[in-house]
Amino acid sequence: MIRLRKWLRKKWKQLVGTVAYSLAQYEQNQSLRNEVHLFRLFLVTVLMVGLACGVVDEAYASSATWIYTDEPVAQQKGAERTTKQLAIVIDDFGNRMSGTDEMLSLPVKLTVAVMPFLQTTAKDAEQAHRLGHEVIVHMPMEPKHGRASWMGPGGILTSLSDQEIEQRVNKAIDAVPHAVGMNNHMGSKATGDKRVMRIVLKVCKERGLYYLDSKTNYHSIVAEVGKEVGVPVIQNHVFLDDEVSTAHISKQCKLIEQHLRDHAVCVTIGHVGTPGKKTAQVLGKFVPELMKQVNIVPISKLIERQQLQVQ
Ligand SMILES: [Zn+2]
């Protein structure tokens, strides 16, 4: 009887493994993602109801809960060997820029930065969310060089009053559905201004958003003010496509690997728009390679890790 029970348990684990593997495979197909997600929910609900009614043994139910995982299968295999984490952030969504669909259909969880008040702001944010990506507000902020009009609508200028900045940041958050964080579009001037950043980060705190400092200004004071205000701040390490050529973007991907050899986490930022299609193409090749070595996660996971280390 005990041997039979052991055998059944072994078979059960194999079955759960096969189901989880197949679901992860199906999930690679963008058009099936929602169905897979619903099916996972259905399976877990059945198991939990079974457990509550006493039909399913606790050991069976707990072994099956990992059916409900949102990590692609290649990542699960890599994840067993490493705790290193990489977040891939893609900026400048919100205007149906070139490469939008190519980026959103990459089989990996991206952090998608959507600009407020543009033609497809809500549409891009909704689509990204539906496909399982993390959404953040890509807040236009004043640069040191270039015209303020390049920022896009609703941008933060250092000449604005405290009240106006607060209002603009709140409106921008309202305009981007599902946003859980914020980063800056341009902003080499504004992110160096303590008064401005104190207000921006205060609103982030009130609205429960984290802040990703794109590091367009090497004298950025965002980390310092973030600490003061009590908002989790994380910084960018590698710009993927500051030069628009396949050779450069590929070189930057190698730089990510190098960075992760010496560090536990890495944040990289790419763009839709002029480099969009090229960057998506290089990532399409490079991401499966990276998944074997590190866990690719949204920024919120890096924030969780940071907060655990602080405690
Ligand atoms: Zn931008």
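**Aspartate 57.** I started with aspartate 57, which lies in the loop between α2 and α3 (58-64). The model is predicted, and I read every entry below with that in mind. I counted 15 other C-beta atoms within 10 Å of aspartate 57, so I list this residue as partly exposed; buried would need 20 or more. From aspartate 57 to leucine 47 I get 9.4 Å, C-alpha to C-alpha, for a separation of ten residues in sequence.

**Serine 31.** Next I looked up the loop between α1 (2-27) and α2 (33-52), where serine 31 is found. Serine 31 has 8 other C-beta atoms within 10 Å. The limit for exposed is 12 or fewer, so serine 31 is exposed. I also checked serine 31 against serine 105: the two are 74 residues apart in sequence, with their C-alpha atoms 9.4 Å apart in space.

**Confidence.** I then noted the pLDDT. The mean for the protein is 87, and 86% of the residues reach 70 or more. Residues 70-80 stay under 50. Where pLDDT is low, the predicted coordinates should not be read in detail.

**Whole chain.** I listed twelve helices and nine strands. Of the 311 residues, 42% count as buried. Among contacts with a separation of 6 or more, 72% join residues 24 or more positions apart.

**Strands β2 and β3.** I find eight of the eight residues of β3 (residues 134-141) buried. β3 pairs with β2 (residues 111-114) in the parallel sense, over four bridges. In this pairing valine 112 stands opposite valine 135 of β3.

**Helix α8.** I checked the length of α8 (residues 194-207) first. Its 14 residues at 1.5 Å each should span 20 Å, and the end C-alpha atoms are 20 Å apart, so the two agree. The buried residues are Val196, Met197, Ile199, Val200, Leu201, Val203 and Cys204. I looked for what they pack against and found α7 (162-175), β4 (179-186), β5 (210-213) and α9 (222-229). After the helix comes glycine 208, with a positive phi near 75°.

**The core.** Which residues have the most contacts inside the largest nonpolar core? They are Val200 and Tyr211, in a core of 74 residues. α8 gives this core its largest share, seven residues. In soluble globular proteins, nonpolar side chains tend to be buried together. I then listed the neighbours of tyrosine 211, leaving out residues up to four places away in sequence: Gly181, Met182, Leu201, Cys204, Val222, Gly226, Val231 and Val233.

**Helix α10.** I repeated the length check on α10 (residues 246-262). The 17 residues should span 24 Å at 1.5 Å a residue; I find 25 Å between the end C-alpha atoms, which agrees. Where on α10 do the buried residues sit, on the same side or on opposite sides? The buried ones are Ile249, Gln252, Cys253, Ile256 and Leu260. They cover an arc of only 105° around the axis, so they lie on the same side of α10. An α-helix has 3.6 residues a turn, so residues three or four places apart point the same way. The other side of α10 has Ala247, Lys254, Gln258, Arg261 and Asp262, which are exposed. Over the buried residues of α10 I find, among other cover, β1 (85-93), β7 (238-239), β8 (265-271) and α11 (276-293).

Technical notes
Residues numbered from 1 in each chain as written. Predicted model: local features only at pLDDT ≥ 70, side-chain atom pairs only at ≥ 80, totals over all residues. Helix = DSSP H or I, 4+ residues; strand = E, 2+ residues; numbered from the N terminus. Contact = placed C-beta atoms within 7 Å. Expected span 1.5 Å × (residues − 1). Core = buried A, V, L, I, M, F, W, Y, C linked by C-beta atoms within 7 Å. Arc of directions from axis to C-beta. pLDDT = per-residue confidence, 0-100. Pairing = 2+ DSSP bridges.
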